[in-house]
Amino acid sequence: MEENVTYTVEQVKSKISEAFPAAVKFESKAKPRRLFMTADKGSLFNLCKFMKDQLGFDHCSLVSGVDRCDRMQVVYHISSFSNNITAEIVVDIPRDNPEIDAITPLWEGANWHERETYDMFGIIFKGHPKLERLLLPADYTFFPMRKDCDTGRH
Amino acid sequence: MDLSTYPHAIAMSAKEFVDWSTNVMDDIVKATGVKRALDKVSDPLMNWGVRNSMYPLHFGIACCALEMAACSGPRYDNERLGLVFRSSPRQCDVLLVNGWVTKKLRPSLRRLYEEMPEPKWVIAMGECAISGGPWYDSYNVVQGVDTFIPVDVYIPGCPPRPEALIDGFLRLHQKIKKSKIGTFMDD
């Protein structure tokens with residue numbers, strides 16, 4: 001990306017839909033300087049790499065998880081200081097095999113976010129440099145933020 | 001004093017001699033009533049000193065630590081009671097547990113308690129430290145400090161006001177007053 005090139009939300013939208021016509025769907029809700037999209041599990045890493053290298057998204061604000069009972073979701077908030085845009089990416093992953101590519105190789109700031117998400121939801125981030133428990137003791141065998149985890153029993 | 005129970009002084013090792021002489025001194029001091037006279041002086045003196053220089057550990061875990069901070073501020077000013085917060089457990093007499101203790105924190109807190117020199121006391125401040133409080137069914141909160149550390153005074157409240165904290169320390173005063181902390185050569 002060249003220096004001092006900024007994109008509006010619409011430009012970012014069109015560039016992403018050009019590069020990933022099938023994998024990325026934009027949601028209809030609109031807010032100023034916000035971008036909402038859902039992505040495929042397989043194309044997430046390439047999407048993030050594209051956003052970082054071509055569109056100037058230089059900061060990963062948040063990685064979190066959602067347990068929808070029939071599936072799991074991973075939520076990414078990726079922001080750009082030059083464009084002044086925050087993009088939200090929601091990725092559906094199957095509940096019985098919750099695996100997704102780690103984006104820590106792109107943004108180091110995602111390291112502890114992904115560890116915490118693994119800690120709470122049991123989502124495996126492939127390619128993460130150190131996927132261990134962050135907040136809970138290392139000998140725990142359950143993931144407390146999952147809906148089927150009876151927290152009072154432990 | 002029955003001298004026939006002691007072996008002859010010449011045949012003793014150094015350690016045996018020290019034990020023997022200590023026993024003799026103990027027996028003499030107790031038999032003559034000097035011990036009672038000494039205790040009458042030393043017990044109140046040491047008790048007074050200990051009571052008025054209880055140094056709590058400056059270990060704030062949760063929101064009760066704000067009340068602890070307010071208590072050490074100018075309005076309540078706990079230094080007038082001799083409560084000076086120290087940052088090293090080696091310099092402390094009181095472990096003030098003010099907040100929930102997670103299972104990851106438990107070994108560290110136990111170690112802090114072990115590092116404090118005797119005599120030492122523990123105060124559980126607030127609902128979380130007493131019984132887990134709002135986290136009574138949590139997967140990650142220890143259900144009360146007294147499950148792994150002996151607790152002397154419980155201060156209920158969520159959080160307790162600084163007056164309640166001072167009241168808890170004054171109750172610890174009463175407990176120390178009744179203990180025989182300044183007596184020597186106990187049986």
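This is a predicted model: local features need pLDDT of at least 70, side-chain atom pairs count only at pLDDT 80 or more; totals for chains, interfaces and linings use all residues.
Residues are numbered from 1 along each chain as its sequence is written, and chains are lettered from A and ligands numbered from 1 in the order in which they are written.

Helices are DSSP runs of H or I with at least four residues, numbered from the N terminus. The axes of H2 (residues 34-51) of chain B and H6(B) come within 10 Å and cross at roughly 160 degrees, where axes are lines fitted to C-alpha atoms over the stretch in contact and angles run from 0 to 180 degrees between N-to-C directions. H2(B) and H6(B) are therefore roughly antiparallel, the word being kept for angles over 145 degrees. In this contact, B:Asn47, B:Val50 and B:Arg51 of H2(B) meet B:His173, B:Ile176 and B:Lys177 of H6(B), two residues being in contact if their C-beta atoms, placed from the backbone, lie within 7 Å. These residues divide into two nonpolar, two polar and two charged; Ala, Val, Leu, Ile, Met, Phe, Trp, Tyr, Cys and Pro count as nonpolar, Asp, Glu, Lys and Arg as charged, and the others, Gly among them, as polar.

H6 (residues 162-178) of chain B also meets H3 (residues 64-71) of chain B, the two axes coming within 9 Å and crossing at roughly 80 degrees. H3(B) and H6(B) are therefore roughly perpendicular, as angles of 65 to 115 degrees are called. From H3(B), the residues B:Glu67, B:Met68, B:Ala70 and B:Cys71 face B:Pro162, B:Leu165 and B:Ile166 of H6(B), and this contact comprises six nonpolar residues, no polar residue and one charged residue.

H1 (residues 14-32) of chain B has 19 residues and reaches 27 Å from its first C-alpha to its last, close to the 27 Å expected at 1.5 Å a residue, a span taken as 1.5 Å times one less than the number of residues. H1(B) is followed by B:Gly33, whose phi is positive, near 85 degrees.

In chain A, A:Glu10 lies in H1 (residues 9-19) and, with 9 C-beta neighbours inside 10 Å, counts as exposed, the cut-off for which is 12 or fewer.

Definitions and conventions
Helices (H or I, at least four residues) and strands (E, at least two) are DSSP runs, numbered from the N terminus. Angles under 35 degrees count as roughly parallel, over 145 as roughly antiparallel, 65 to 115 as roughly perpendicular and the rest as oblique. A residue is buried if 20 or more other C-beta atoms lie within 10 Å of its own, exposed if 12 or fewer, and partly exposed in between; C-beta atoms are placed from the backbone.
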